[in-house]
Amino acid sequence: SGRLAGWVGLNVPKDFPNVLPAVEVGWRFDRALWGQGLATEGGRASVQFAWDVVALERLISLIQPDNIASIRVAEKLGMQDAGTTENEENGVVRVFELERPAARAG
């Protein structure tokens, strides 16, 4: 149809200086496409890109406290609850974080 389905990817959350320095993995999709695994699939690809290409050591996600679906996506990505932060525009948001897995001995 040519309609935008949504987006997923990495971003520096400049609007939340309390969490900086940080890179966020985030997602937003048209409501009609919710529940199809797109955020989880895109989130996993973004996390892998962050580790393999950008060589980041840590990622965060900033999620509205009542956004249960996005909290579930963050959990599926292996992210852990790291508290809250806030700004004037968005109010309080939950912070989820994920650290790069340790290199496997081989």
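Which residues form a nonpolar patch on the surface? Bear in mind that this is a predicted model, then select Leu-10, Phe-49, Val-53 and Val-54, which make up that patch and together have about 330 Å² of accessible area.

Stay with Val-54 for a moment, and follow the chain around this residue, which has its place in the loop between α1 and β3, the strand of residues 58-63. Val-54 counts as partly exposed because its relative accessible area is 40%, a value that lies between the limits of 20% for buried and 50% for exposed.

Next, select helix α1, residues 38-52, and pick out Thr-40 within this helix. Thr-40 has a relative accessible area of 7%, so this residue is buried, the cut-off being under 20%. Showing its surroundings brings up Val-73, Lys-76 and Leu-77, which Thr-40 touches when residues up to four places away in sequence are left out of the count.

Finally, turn to the largest pocket, whose volume is about 870 Å³. To find its centre, select Trp-27, Arg-28, Leu-62, Asn-67 and Ser-70, which are the closest to that point of the 34 residues lining the pocket. If you then colour by element, the ones that contribute two or more residues to the lining of the largest pocket are β1 (6-11), β2 (24-29), α1, β3 and α2 (68-76).

Terms used: Residues are numbered from 1 along each chain as its sequence is written. This is a predicted model: local features need pLDDT of at least 70, side-chain atom pairs count only at pLDDT 80 or more; totals for chains, interfaces and linings use all residues. Side-chain values use heavy atoms; hydrogens and water are left out. Helices (H or I, at least four residues) and strands (E, at least two) are DSSP runs, numbered from the N terminus. Buried means under 20% relative accessible area, exposed over 50%, partly exposed in between (1.4 Å probe, protein chains only). Contact means heavy atoms within 4.5 Å. Patches are made of residues with over 30% relative accessible area and no salt bridge: like charges are joined within 9 Å, nonpolar side chains (Val, Leu, Ile, Met, Phe, Trp, Tyr) within 5 Å. Accessible areas come from the Shrake-Rupley method with a 1.4 Å probe; for residues, only the protein chains shown count as cover. A salt bridge is a side-chain nitrogen of Lys or Arg within 4 Å of a carboxyl oxygen of Asp or Glu. On a 1 Å grid over the protein atoms alone, a cavity is a set of points where a 1.4 Å probe fits but cannot get out, and a pocket is an open set with protein on both sides within 12 Å along at least five of seven lines; lining residues have an atom within 4 Å of a point. Grid points are joined across faces, edges and corners, and a volume is the space filled by probe spheres set on the points.
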